[in-house]
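User: I would like to learn how to read packing and pairing from a model. Please take me through it feature by feature.

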Amino acid sequence: MDQIIKCLLLKNGDIIISQIMEVDTELGGPDCKLVRPFKMVVSSAEYKLETWLDFTSQTEMMIHSDSILTIVTPTPAILSEYLELIA
């Protein structure tokens, strides 16, 4: 299965780049799996990728899809930087 790597704008304002998978779950449960997510932070008019949740060593996290405002495809430059980080 191919990786689906997307940028997610969350309701709390965070912008995340991650491999994303939809997961079947019980009603009300988290239904999106993020694999190796990184937070995108603006620094000197450029995006810099930082560890999203730096208090854990987990590389897979579950979230509710209703926490996401929108999902978009990353630019080639951001995608390239992300792929270097997870390699």
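User: Which residues of strand β5 are on its covered face, and which on its uncovered one?

Analyst: This is a predicted model, in which local features need pLDDT of at least 70, side-chain atom pairs count only at pLDDT 80 or more, and totals for chains, interfaces and linings use all residues. Residues are numbered from 1 along each chain as its sequence is written, and side-chain values use heavy atoms, with hydrogens and water left out. Strands are DSSP runs of E, at least two residues long; helices are runs of H or I, at least four long; both are numbered from the N terminus. In β5 (residues 60-63), Met 61 and Ile 63 form the covered face. Glu 60 and Met 62 form the uncovered one.

User: How many bridges join β5 to strand β3?

Analyst: Two strands pair if DSSP finds at least two bridges between them. Here β3 (residues 32-43) and β5 have four, in the antiparallel sense. Val 35 sits opposite Glu 60 of β5. Glu 60 also makes a salt bridge with Lys 33 (closest N and O atoms 3.4 Å apart). That pair links β5 to β3 across 27 residues of sequence.

User: What counts as a salt bridge, and how many are found in the whole structure?

Analyst: The criterion is a side-chain nitrogen of Lys or Arg within 4 Å of a carboxyl oxygen of Asp or Glu. The search finds three. One of them joins Lys 39 and Asp 14, at 3.2 Å from N to O. Lys 39 is in β3, while Asp 14 is in the loop between β1 and β2, 25 residues apart. Lys 48 and Glu 50 also form a salt bridge, at 3.6 Å between the closest N and O atoms.

User: Is Asp 14 buried or exposed?

Analyst: Buried means under 20% relative accessible area, exposed over 50%, and partly exposed in between (1.4 Å probe, protein chains only). Asp 14 has 15%, so Asp 14 is buried. Lys 39 has 27%, so Lys 39 is partly exposed.

User: Which residues make up the largest nonpolar core?

Analyst: In soluble globular proteins, nonpolar side chains tend to be buried together. A nonpolar core is a set of buried Ala, Val, Leu, Ile, Met, Phe, Trp, Tyr and Cys residues joined through side-chain atoms within 4.5 Å. The largest one has ten: Leu 8, Leu 10, Ile 16, Ile 20, Cys 32, Leu 34, Trp 52, Met 61, Ile 63 and Ile 68. Strands β1 (5-10), β2 (15-22), β3 and β5 each supply at least two of its residues. Apart from this core lies another, of nine residues, including Ile 5, Cys 7, Phe 38 and Leu 49.

User: How many aromatic pairs does the whole structure hold?

Analyst: Rings of Phe, Tyr and Trp (its six-membered ring) pair if their centres lie within 6.5 Å; planes under 30 degrees apart count as stacked, over 60 as edge-to-face and the rest as tilted. The search finds one pair. Phe 38 and Tyr 82 have ring centres 6.0 Å apart and planes at 80°, so the pair is edge-to-face. Phe 38 is in β3 and Tyr 82 in helix α1 (residues 76-86), so the pair ties together parts 44 residues apart in sequence. Both Phe 38 and Tyr 82 are buried.
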